[in-house]
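Work through the exercises below with the sequence and the structure side by side, and try each task before reading its solution.

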Amino acid sequence: MCTYTTEHLKVSGSGKGANGWFRLSDASVYFDHPVHAPYEHSLNIDFLAPDIGPSARVAVELDPDSARELANAIFAALDKAPGQLRLIEVK
Amino acid sequence: MSDQMIAETVEITGSGGDAIEAYFARPTGEGPYGSVVVIHHMPGYDEPTKEIVRKFAYHGYQAICPNLYSREAPGAAPDDAAATARAQGGVPDERLVGDVKGAAEFLKSQPASNGKVGVIGYCSGGRQSFLSAVSLDLDAAVVCYGAFIVGTPPEGFPLKVKPVVDLAPNLSCPVLGLFGEEDQYPTKEEVAQLDQELTKHSKEHEFHIYPGAGHAFFAVDRPSYRPEAAMDGWAKIWEFYGKYLAS
């Protein structure tokens with residue numbers, strides 16, 4: 001199935017790709033065929049910097065359970081961080 | 001069959017006169033050979049697709065696969081290019097047709113060409129194969145599990161495609177359709193509807209729906225691979241192209 005179902009969001013931060021670290025500006029989240037993961041479908045996340053180019057990409061392909069656990073872990077980690085730190089905005 | 005071939009990346013003129021990258025393989029003999037434009041699946045102009053191009057050369061065809069993502073991601077790795085193209089909603093239909101036209105003209109211009117050109121596409125390329133066959137003057141078209149020839153993407157899909165079954169009266173060549181019974185894109189019902197539509201317009205076609213197979217059963221590097229369906233499918237392709245392209 002080629003779903004093209006894609007969630008797009010703007011993000012701020014950095015990622016490490018094939019050519020080293022770069023500043024991230026965008027992310028895509030979608031459920032479709034993986035390139036490498038041994039599943040017919042996977043939850044895929046691309047961290048991107050389109051201004052740099054298509055190769056500025058950090059990609060992960062997760063089975064659906066792993067993806068949900070990751071999402072919960074992200075929320076858990078953020079919730080456990082001291083409130084003051086959570087408000088810090090890095091430019 | 002020929003175990004001698006040349007396979008290489010070339011530049012062809014695609015839609016709008018754009019220079020685009022393409023992978024070209026052909027037997028080294030004098031020919032004449034039939035030709036095939038291979039339309040890659042949504043994951044892009046990747047290694048398995050290039051293997052398919054060489055497979056056609058092995059079986060005595062000139063074959064070329066244009067990199068449909070040449071413009072969005074020149075020089076990028078196929079997976080990065082596919083991610084970029086996906087984020088933009090896929091390849092516009094008009095541009096696809098122009099790129100296939102350029103690829104077909106390139107093949108016909110080769111000294112060993114017999115003047116006949118077919119098309120084959122997998123996954124999203126299956127729909128694009130049909131689209132090419134209703135838009136261009138071709139000699140044979142193979143559709144491998146192409147979705148949205150019939151039916152519209154569900155609400156909320158950012159996929160910028162519309163059904164093309166209404167264009168069936170314009171079909172320029174015979175169609176071989178290879179589908180998996182367990183596929184949801186397209187469903188058996190959608191395949192049946194396309195079958196009926198082609199019959200209604202007296203368009204020569206041959207459809208096979210493989211039990212136990214779903215989407216992408218030809219893809220040897222994916223869990224969806226179904227050897228029996230794929231091997232029978234290839235046999236059907238050689239028979240079909242042998243009849244309409246090679247002779």
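**Exercise 1.** How many bridges join strand S5 of chain B to strand S6 of chain B, and do the two run parallel or antiparallel?

*Solution.* This is a predicted model, in which local features need pLDDT of at least 70, side-chain atom pairs count only at pLDDT 80 or more, and totals for chains, interfaces and linings use all residues. Residues are numbered from 1 along each chain as written, chains are lettered from A and ligands numbered from 1 in written order, and side-chain values use heavy atoms, without hydrogens and water. Strands are DSSP runs of E with at least two residues, and helices are runs of H or I with at least four, numbered from the N terminus; two strands pair if DSSP finds at least two bridges between them. Five bridges join S5 (residues 113-122) to S6 (residues 140-144) of chain B, and these strands run parallel. Within this pair, B:Tyr122 stands opposite B:Cys144.

**Exercise 2.** Is A:Leu43 buried or exposed?

*Solution.* First, locate A:Leu43 in strand S3 (residues 42-48) of chain A. Next, its relative accessible area is 19%, and buried means under 20%, exposed over 50%, and partly exposed in between (1.4 Å probe, protein chains only). A:Leu43 is therefore buried.
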